[in-house]
Amino acid sequence: MLKEIERAGLPIVHMCTIVPISLTVGANRIVPTIAIPHPLGNPALDAKDEFELRYHLVEKALKALQTPVDTQTVFDK
Amino acid sequence: MIKVVHYINQFYAGIGGEEKADFKPEVREGVVGPGMGLNGLLKKEDMEIVATVICGDSYFNENLEEAKVEILDMVKKYSPDIFIAGPAFNAGRYGVACGAIAKEVSEKLNIPVLTAMYVENPGVDIYKKYLYIVETRNSAVGMRDALPKIANLAVKLAKGLELGTPAVEGFIERGIRKNFFAAERGSKRAVDMLIKKLKGEEFVTEFKMPVFDRVDPMPPVVDITKAKIALVTSGGTVPKGNTDHIESSNASKFGKYDIEGVMDLTAETYETAHGGYDPTYANIDSDRVLPVDVLRKMEKEGKIGSLHRYFYTTVGNGTAVASAKKFGEAIAKELLADGVTAVILTST
């Protein structure tokens, strides 16, 4: 799905938990997420901290969208 | 004697090249062109090519239905025990014609059929699951290599002998699964394979990985504060109740939902349809899969221009790559039409 959206001309970032799959299939901008059942969350945290965590991950995604890349790049910092 | 009817195109019949590709179907007694070499090999097994049907590649492809009927009539008259088309090597129209006519003969006359072509011939993808296609090289240079392989397989098919694997018999994998008891158990075979791999030795995979293409990365977003960001997910987030019935596995469709005015996804309003992960956490708070709450905050803060009013969702669990590709193409069209700048796709 992701590649077709990029092929059509839209910059796209993949926020996903299993990065090796995303790399194999061919996403160009990848942001690793927390866990399979809650990629953008962590039920062990309280609501406020969980929101912060999610906010921080989405910030990374926006940063990835603003970063030029030549090859597949995992944005994990 | 086992009777064979052979099908070839205008070029191999010596009639002409491209300028004769509109040649109408014609049948001749005995062998023509490569049939001669093939016959020599078949005769040893009490098989003989009794007739050869010749047809122009363009004529066949441009008159599919009529050509199939005409040719079937010609083939029928000889009451063959087996039908062989080609070899077509890498000639696309020829390969498609061979596949089409072999399939037609197989279905209408109920006799074994086979054809032969290069693995990249478009005829392969279309017909491999219906037919035995002997793998050839990519040009007539491979004729000497192809004929014995065709003859061998023809003998086995005509005589109803048991076939080995595609690799052994020389035909292109049809994608048909056959169960069998392996001599050694899977754990041992897996470890043996891993050891070979670690040692850098050659090993044969039991399951071929699909080959994924690559897309050139899009240039980055220039001004994110003015960007319209769209959310897409394979995590199966849907309005509570999943009224569009997106399947929990092998999804046949994607959903498009309006989040105008929605600032946060709650347990009362959203859930996941995905059957491949523990849905507990997502059902309590779907923002954990589709971060609407965060993007709404960022909208307010002016960090992004806006969150697109529709999100797109499907279930990634066991969904065919071909389906996902179609969804992606359809979604992309709509996003572009709606002036979306960039996309965040979340997966579980």
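This is a predicted model: local features need pLDDT of at least 70, side-chain atom pairs count only at pLDDT 80 or more; totals for chains, interfaces and linings use all residues.
User: What makes strand E2 and strand E6 of chain B the edge strands?

Analyst: The open sheet of chain B has six strands in the order E2-E3-E1-E4-E5-E6, with mixed pairing. Strand E2 (26–29) and strand E6 (132–136) each pair on one side only, and they are therefore the edge strands. From one strand to the next, the twist averages 25°.

User: How do you know that E1 and E3 of chain B pair, and in which sense?

Analyst: Two strands count as paired if at least two bridges are found between them. Strand E1 (residues 2–9) and strand E3 (residues 47–55) of chain B have eight bridges in the parallel sense, so they meet that condition. Within this pairing, Asn9(B) stands opposite Cys55(B) in E3(B). Helix H1 (residues 35–43) of chain B lies across E1 and E3, running at about 160° to E3(B).

User: Why are E1 of chain A and E13 of chain B called paired?

Analyst: The cut-off is at least two bridges, and E1(A) and strand E13 (residues 342–346) of chain B have four, in the parallel sense, so they are called paired. The bridge partner of Met15(A) in E13(B) is Thr346(B).

User: Which residues make up the side of chain A that touches chain B, by class?

Analyst: In total, 41 residues of chain A are in contact with 46 residues of chain B. H3(A) gives the largest share of chain A's side, seven residues. By class, that side holds 24 nonpolar, 10 polar and seven charged residues.

Methods: Residues are numbered from 1 along each chain as its sequence is written. Chains are lettered from A and ligands numbered from 1 in the order in which they are written. Helices (H or I, at least four residues) and strands (E, at least two) are DSSP runs, numbered from the N terminus. Axes are lines fitted to C-alpha atoms, for helices over the stretch in contact, and angles run from 0 to 180 degrees between N-to-C directions. Two residues are in contact if their C-beta atoms, placed from the backbone, lie within 7 Å. Ala, Val, Leu, Ile, Met, Phe, Trp, Tyr, Cys and Pro count as nonpolar, Asp, Glu, Lys and Arg as charged, and the others, Gly among them, as polar.
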